[in-house]
Each structure stands twice: as structure tokens, then as C-alpha cells.
Amino acid sequence: ASDALPKSGAPNPAAQFFDDDGNPITKSAYKKLQKQKKAQERNAAKAAQLAAKQAEKGPSLKDAQVEEVDPTKYFENRRKFVMDSGSNGDFNPYPHKFKTVIDGRETMMSVPHFKHSYANVEKGSMLNDDLVSLAGRVQAIRVAGNSLIFYTVAADDSEVQFIVQR
């Protein structure tokens, strides 16, 4: 018990403290080591309790559905997901059409409707006050300099090109 703290409040100059390897250490280092050991014991007890609770519950549905999440395999995992979902007929990951009417109201404008609505606008003119949500697939993004970006959006056998200024 020479590595323990003295029971009396008075310091004992003859007492030496040792780490786990038997090397002499200071009193403050010994206290820190003891504190770390207690924390490790508490964490181990908590982990054991959590493991016991998980064992009682059994495997969860979420654990059964976890896919491989290796970041270097992202492309392969995504390709497998798309191929599997397309072959099962669950849904189409690349739909031909986009829903523009939800709950009886138009939330996004389709590309043909957009072209019809803005057919009377002169080429080269700018509409700064109009805010439009457009449903379609972005087919091309072209950057011209630091301030101009050209987008080509297609849907319903129609496409439109617009310009964005930064």
C-alpha cells in the first residue's frame, strides 16, 4: 500500500506513487491516473448495460437494413441501389416526368408551360421581379467568367436555357 495516498491528512514524504508499469510518478499524476481508471470503469459498466439492453431487444430493423457505407464504394453502392430498385419496379430513380401539381395547386412550372407563359418576352430582355420554380432536369451548366452561369433545363420533350448573374 505504499502506492496509495496516506490516510491521514498530513503529507507523507516517504510515500511514493507508481503508475501501472511500476514507474515512480508524482502525487498529482497518481491522482489523475486514478481518476482515469474510475472513468474507464464507469464507461465499461455503461457499455455492458447498453449491450445487455440491446441483447434483450434483439436486432433492430435499422441494423438489418444498413448498407455498406465505405466512402470509397459510394459509386458502386449507388449503382447497385439504382439497379435493384429499377428491377424491382419499386420506383423509377430517373423519372421521365416531374409532378408540378401537388394537392390541386401548381407548385412548380413545367418547362412547356414556362415557355408558353414567357413566349411574349423579347430575347435578351431580363425579368428581375419574377420568381419562378421550374420542374425539370438540369442537362447542362456552363460558367462564363466570374459572374454568368448558363443553365439548360429539360422536361416533357422541351428544354429551356436561362442565365444567372451572380
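Q: In which strand is Ile141 found?
A: Helices (H or I, at least four residues) and strands (E, at least two) are DSSP runs, numbered from the N terminus. Ile141 belongs to strand β7, which covers residues 137-144. This is a predicted model, in which local features need pLDDT of at least 70, side-chain atom pairs count only at pLDDT 80 or more, and totals for chains, interfaces and linings use all residues. Residues are numbered from 1 along each chain as its sequence is written, and side-chain values use heavy atoms, with hydrogens and water left out.

Q: How many helices and strands are there in the protein?
A: The protein has four helices and nine strands. Along the sequence, their order is β-β-α-α-α-β-β-β-α-β-β-β-β.

Q: Is Ile141 buried or exposed?
A: A residue is buried under 20% relative accessible area, exposed over 50%, and partly exposed in between (1.4 Å probe, protein chains only). Ile141 has a relative accessible area of 52% and is therefore exposed. Lys27, in helix α1 (residues 27-57), is partly exposed because its value is 42%. Ser158 lies in strand β9 (residues 158-165); with a relative accessible area of 16%, Ser158 is buried. Of the 166 residues in the protein, 13% are buried.

Q: With which residues is Ser158 in contact, leaving aside its neighbours within four places in sequence?
A: Contact means heavy atoms within 4.5 Å. Beyond those neighbours, Ser158 touches Val111, Pro112, Lys115 and Val153.

Q: What is the volume of the largest pocket?
A: A pocket is an open set of points on a 1 Å grid where a 1.4 Å probe fits, with protein on both sides within 12 Å along at least five of seven lines; lining residues have an atom within 4 Å of a point. Volume is the space filled by probe spheres set on the points. The largest pocket has about 1,000 Å³. Its lining comprises 23 residues, and Phe114, Ser125, Gln161, Phe162 and Ile163 are the closest to its centre. Strand β9 gives the largest share, six residues; α4 (111-117) and β9 each supply at least two.
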